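Subject: Structure handover

Hello,

Here is the structure for your files. My notes on it follow below.

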Amino acid sequence: MSFQPVHFYQTGTFTVGNRLLAQEERSVQANMERTNSLNSGHRACQGCGEALGARYAIDAAMNAARGRLIAANATGCLEVFSTPYPETSWQIPWIHSLFGNTAAVATGIAAAIKVKRQKGQMGDVRVVAQGGDGGTTDIGFGCLSGMFERNDDVLYICYDNGGYMNTGVQRSSATPPAARTATTMPVGPEPGNAFGQGKFVPAIAMAHEIPYVATATVADLRDLEYKVTKAMGMRGARYIHILVPCPLGWGAASQDTIKLARLAKETGIFPVFEAERGEVTGVLKIRRPQPVEEYLRLQKRYAHLFGKKPAVETIARLQAAADKNIRKYGLLDQEAN
Amino acid sequence: MLKQTEGSHAVAEAVGLCRPEVICAYPISPQTHIVEGLGEMVKAGEIANCEFINVESEFAAMSVAIGSSATGARTYTATASQGLLFMAEAVYNASGLGLPIVMTVANRAIGAPINIWNDHTDALSQRDSGWIQLFAETNQEALDLHIQAFKLAEEVSLPVMVCMDGFILTHAYERVDVPTQEQVDAFLPPYEPRQVLDPTEPVSIGAMVGPEAFSEVRYLAHAKQMQALELIPQMAEQFKQIFGRDSGGLTHSYLVDDAETIVVAMGSVLGTIKDTVDDMRSAGEKIGVLGITSYRPFPIESVRTALQNAQRVVVLEKSLAVGIGGVLSTDVRMAMSGLQLHGHTVVAGLGGRAITRKSLRALFGKAIRGELGHLTFLDLDWNVVNKQLERERTKRRSGPAAESMLRDVGVVAARIG
């Protein structure tokens, strides 16, 4: 390739101008022929991380599937804001059944496609399932684990904004410790969500030893596109867990969505990695280490930690959790330190 | 071909002949033998081009069925009892989306107390789910109804539940006539979906519908069931032409024309009732039977026509609407509106309690003599009930009721059969 690596960082960010890249390396979104699978005009909030993540993920999947893709969608923000009928933003065949059954619905779609292909009634059509963290880590978890365990030919994408935002910001099993939600209010001796609870579904997905598991954030959309494309190149059960900041639920400014996603990655709060058959095969290294405080301060859901008497101990516990991620996943390059 | 076979296996063979494309299953008694049979047939290649999926719950079973049916595959599953309740949310969703899934319900009681034996409370709990519900009287009819169910489901684009009595039918070995593939192919055309997830013609299915159209969409579901009311007798007629058997239809009546007393019931108990009626007819009683095959849609007109010249109606049902009495009787009474006749609800056979000819004869005799009340629990052991009520009156911590009552009953096996 005919470019100098220095060009990538010339603006001080990860921004990569497409003109600097070879044709095959250019972003799906930069392509005039992109499908706009989740089209404009939907009713997501300003700065919605989920809408951004879904747009990139599904267009990348469509690109990889050569336009032959069916999506199953859990109940939740993405479902509601994209289909206030008679309007729909979906330019692809799309089905919403229930809150907790999306992985199973996708299994059924994949099974039907397999039979139709055997009969010569259908070409190769691929399946994605998508849901928020509530629909994935809580109510849809049984169906998700079943789909993983059977290694059904489905790419499941979880848009994790750390709570039930569609119903008014209640706690889910993906809500981080100390965060304020409508059901973990910042009151009492231990304000916000409890420590020592919750689950990290990417690790559980890896325990199923499925072909591919990855995490991503909307701060690095090229990485997201790469992971979706890679997942679509494989068969069997695949899982991508995308951190998508929610301005409403997190009490953050709309323009800070990307910044927050980047800080989640740079602080180690949210490890960005990929794994095949249960083994981590790659991590996105932290480029400029940041204290978790930088991430927390931008969000009103943590405002109770920064009152007149800052909750130093709680902030330290959150920092310790981030440090643990950094050690566990090897998020820091030794040379960078 | 005539065969001596188990009811479950007869159903599995019938489903196999319908050329299913996706079958998903989760085990629950007494439905297990059906899906075991199908699983083996798919694995052995006897059913070609079919995916058999062992899922992790009944909720997943119905959800997989929703996905595959929406992608244009002929889809089948089976369940019973707690399984039907566990999938209830998806049961409503399948009919709401208008997906022609066929499901066997091997009728079984609902707990607590946990009980694996037959009654109809499972299927009747889903009477408002929007599914068509057909009740088989015999194993032959169970087999035949499955073939009709696929055709009916796909014609009106609604799911169909074929209900057959758990154990009494599912596990009974009887002679059944298994049709040929040619016969089934002549009756059942390939599935042509009304809506399908297809990348060449993308649609959104399952969008939110607000107050502006919700009533209309729901009314359409009702209208489709009313269409099914017309279609079900037509399909039974077409079926007869190809297979040479009377099976299905809305109702089966037996000696009702001159009957002063008509017993209404569903499922396999109709056989015992008919035997009892034969005995009573030879003793000079004018008594007949009306069997309901199509519970949803409920054939109000057919029932009304059958009952209009009778003096009394006894609805004998294997279900209990706690707090009022009957489930089926409520619908039968709707059909009786304006007719001057005595109506009796009899709750019988709950959790597998045997319904004997002796008990039925005594019961119908009481009805004829005008001694039967509005609501009767057939063969209820009042000693056991009263003892428990007394215990609860006298002791605050009276303990778990079912366990205390079982202790009072003593030997459990003595109560079955």
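Strand β2 (residues 94–96) of chain A pairs with β9(B) in the parallel sense, over two bridges. Two strands count as paired if DSSP finds at least two bridges between them. Within this pairing, A:I95 stands opposite B:I205 of β9(B). Helices (H or I, at least four residues) and strands (E, at least two) are DSSP runs, numbered from the N terminus.

On provenance: this is a predicted model, in which local features need pLDDT of at least 70 and side-chain atom pairs count only at pLDDT 80 or more, while totals for chains, interfaces and linings use all residues. Residues are numbered from 1 along each chain as its sequence is written, and chains are lettered from A and ligands numbered from 1 in the order in which they are written.

The chain contact

The contact between the chains takes 38 residues from chain A and 35 residues from chain B. Residues are in contact if their C-beta atoms, placed from the backbone, lie within 7 Å. On the chain B side, β3 (51–54), α3 (58–70), α5 (88–96) and β9 (204–205) each supply at least two residues. α3(B) gives the most, with nine residues. By class, the side of chain B that touches chain A has 20 nonpolar, 10 polar and five charged residues. Here Ala, Val, Leu, Ile, Met, Phe, Trp, Tyr, Cys and Pro count as nonpolar, Asp, Glu, Lys and Arg as charged, and the others, Gly among them, as polar.

Helix packing in chain B

α3(B) and α5(B) pack with their axes 8 Å apart, at an angle of about 15 degrees, which makes α3(B) roughly parallel to α5(B). (Axes are lines fitted to C-alpha atoms, for helices over the stretch in contact, and angles run from 0 to 180 degrees between N-to-C directions; under 35 degrees counts as roughly parallel, over 145 as roughly antiparallel, 65 to 115 as roughly perpendicular and the rest as oblique.) From α3(B), B:F59, B:M62, B:S63, B:A65 and B:I66 meet B:A90, B:V91, B:N93 and B:A94 of α5(B). The residues of this contact divide into seven nonpolar, two polar and no charged.

Helix α7 (residues 139–156) and helix α9 (residues 214–243) of chain B have axes that come within 10 Å and cross at roughly 135 degrees, so α7(B) is oblique to α9(B). Among the residues making the contact are B:D144 and B:K151 of α7(B), and B:K224 and B:F239 of α9(B). By class, the contact of α7(B) with α9(B) has seven nonpolar, two polar and four charged residues.

Regards

Technical notes:
Two residues are in contact if their C-beta atoms, placed from the backbone, lie within 7 Å.
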